[in-house]
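Please open the structure in a viewer and keep the selection tool at hand. The tour moves from the whole chain to single residues.

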Amino acid sequence: MIDSTGMSSHISPLVTMPPDQLDLGEIFGRLPPRRCGEADRRYMNEVLDDGFGNRESAHMVGRFEAAFAEKFGARFAISHNSGTGTMLSCLLAAGVGPGDEVIVPAATMASTAMVVVQAGAVPVFADSDPRTFNLDPADVARKITEHTRAIIPVSLFGLSADFDPILALARPYDLTIIEDDAQCFLATYHGRLVGTLGRAASFSLQGSKHMTSGGSGGMVITDDEAYARNIRKASILGYSTLDAKPGATMIPRDVRQDYAFERHDRFGYNFRMSAPQAALGLAQLERLDTLVAARRAIAAQYERVIREEKCEWLIPPHVPEGCTHAYWCYTCTLDTERLGVDWRTFRKTFVAHGGDGLYGLWVPVHLEPVFRTLSFFGSPERSPNFDPRYKGQVKSYGPGNCPQVEAFRSRLCLFKTGMQTLAKVEAQAEALRATIHYYA
Ligand SMILES: Cc1ncc(COP(=O)(O)O)c(C=O)c1O
């Protein structure tokens with residue numbers, strides 16, 4: 001159900017109110033131990049009782065898809081077995097292939113760019129804004145060419161990409177916008193839910209994410225029925241009878257048993273979600289607001305420590321006016337000059353004071369060895385960049401492609417927000433406080 005602002009009315013105020021007003025005790029009191037509650041067991045038992053026939057599996061997958069679509073106020077949700085396969089399906093269904101360019105951020109997890117190569121197209125890396133760590137629309141504008149077919153904005157760390165200027169850039173060229181919302185559940189962008197802004201949105205349900213379908217999984221949402229049907233087909237071997245409707249993953253018996261049945265009218269991979277994954281995903285979806293609120297409340301704890309300790313060398317994440325943050329992690333910028341030590345030394349000190357580690361940014365994707373050497377299919381000559389159908393200019397990747405990302409890459413501190421108990425949250429906040437004291 002969508003309200004007058006375009007937001008699903010199923011979203012609780014827990015995910016839109018200021019995080020420092022959230023009641024930690026209440027939120028953590030609602031979370032089941034080890035991410036598995038009564039509903040998870042009940043739905044899993046239903047699957048075990050039903051067996052694993054095609055019809056029964058389709059039924060549970062359909063329930064999950066219908067509930068996911070409803071939650072986001074989308075017309076269609078197409079389940080996958082990863083949040084990587086989701087994006088490849090979206091590219092294939094949009095007709096992206098050899099000769100095309102797709103613009104992706106350099107600051108992301110590599111899947112966002114690998115799917116472009118998997119589709120036979122050329123990834124073009126765009127720079128990111130050092131305040132939000134998301135795509136810089138000005139650089140996207142510079143990177144659009146006559147070969148560009150799609151853009152994949154990533155809502156990194158749980159903060160919405162800056163969609164309005166990106167959508168405005170895409171419109172005159174009819175570029176497909178595929179949201180990579182792997183890390184961004186229930187965040188908002190100027191009153192709209194992230195996931196409802198592009199032609200389609202991809203979510204990862206891998207174990208580290210806000211919600212998980214048993215450790216891996218993915219979901220695409222879209223309002224475009226023909227596109228949804230082709231995404232489904234791209235995800236299950238292009239069977240002609242597949243459909244956009246929830247759980248429409250089956251072929252009717254009399255059709256599939258006929259010797260003359262021509263099964264495949266499109267090309268596809270096999271990214272089918274299993275019934276146990278759907279059962280666990282459905283249960284997690286029912287408490288998604290609480291799961292997101294927990295991460296928001298944890299972020300507020302880190303922020304409180306930085307504020308109370310008047311720490312000037314750890315810069316909290318910036319949340320632009322009009323956006324709410326889903327905090328897949330709490331990403332600070334370390335001012336190494338001001339602190340006088342480098343990132344690795346700071347991390348070591350945090351761990352020594354009880355911190356459960358912290359991640360740095362991934363190596364910017366254009367600098368990862370496989371991209372730098374173009375060795376996707378053995379030799380560089382066989383990469384999409386040198387396919388005779390590709391007439392664009394991007395023949396290599398290396399330092400200088402995305403200077404802003406290259407400048408902030410060694411400064412980001414990704415503090416964890418996936419803790420499931422209040423005691424663990426408090427321990428991490430206190431580890432940060434002790435670290436700040438140590439350098440005072
Ligand atoms: C930004 C981003 N995109 C895509 C993915 C890929 O998702 P999955 O691991 O479900 O394939 C991830 C997951 O780790 C991610 O963080």
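The stops below say what to select and what is found there.

**Before starting.** This is a predicted model, in which local features need pLDDT of at least 70, side-chain atom pairs count only at pLDDT 80 or more, and totals for chains, interfaces and linings use all residues. Residues are numbered from 1 along each chain as its sequence is written.

**Stop 1: the whole chain.** Select everything. The C-alpha atoms fill a box of roughly 75 × 55 × 45 Å along the principal axes. A compact globule of 440 residues would have a radius of gyration near 22 Å, and the chain agrees, with 22 Å; this radius is taken over C-alpha atoms, and the globule rule is 2.2 Å times the number of residues to the power 0.38. Colour by secondary structure to display 16 helices and 13 strands. Helices (H or I, at least four residues) and strands (E, at least two) are DSSP runs, numbered from the N terminus.

Of the 440 residues, 49% are buried. A residue is buried if 20 or more other C-beta atoms lie within 10 Å of its own, exposed if 12 or fewer, and partly exposed in between, with C-beta atoms placed from the backbone.

**Stop 2: the nonpolar core.** Select Leu91, Val102 and Ile221, the residues with the most contacts inside the largest nonpolar core, which has 128 residues. Helix 11 (residues 288–308) gives the largest share of this core, 11 residues. Such a core is a set of buried Ala, Val, Leu, Ile, Met, Phe, Trp, Tyr and Cys residues joined through C-beta atoms within 7 Å. Now centre on Val102: apart from residues up to four places away in sequence, Val102 touches several residues, among them Leu91, Val116, Pro123 and Ile152. Two residues are in contact if their C-beta atoms, placed from the backbone, lie within 7 Å.

**Stop 3: helix 8.** Select residues 225–235. Why is helix 8 described as largely enclosed by the rest of the structure? The reason is that 8 of its 11 residues are buried. Among them are Tyr227, Ile231 and Arg232. The buried residues of helix 8 pack against strand 1 (76–80), helix 4 (85–93), strand 8 (200–204) and strand 9 (218–222). Leu237, which follows helix 8, has a positive phi, near 55°.

**Stop 4: Thr86.** Move to helix 4, where Thr86 has its place. Thr86 is buried, with 34 other C-beta atoms within 10 Å. Leaving aside neighbours within four places in sequence, Thr86 is in contact with His80, Ser202, Gly218, Met219 and Val220.

Stop 5: Strands pair if DSSP finds at least two bridges between them. Strand 10 (residues 314–315) and strand 12 are joined over 2 bridges, and Leu314 stands opposite Leu334. Strand 12 and strand 13 (residues 412–416) have 5 bridges; here Thr333 stands opposite Leu412, and Thr331 opposite Leu414. Strand 12 (residues 329–334) is largely enclosed by the rest of the structure, because 5 of its 6 residues are buried.

**Stop 6: the ligand.** Finally, select the ligand and the 15 residues that surround it, the closest being Ser82, Gly83, Thr84, Ala182 and Ser204. A residue is near a molecule if its C-beta atom, placed from the backbone, lies within 6 Å of it.
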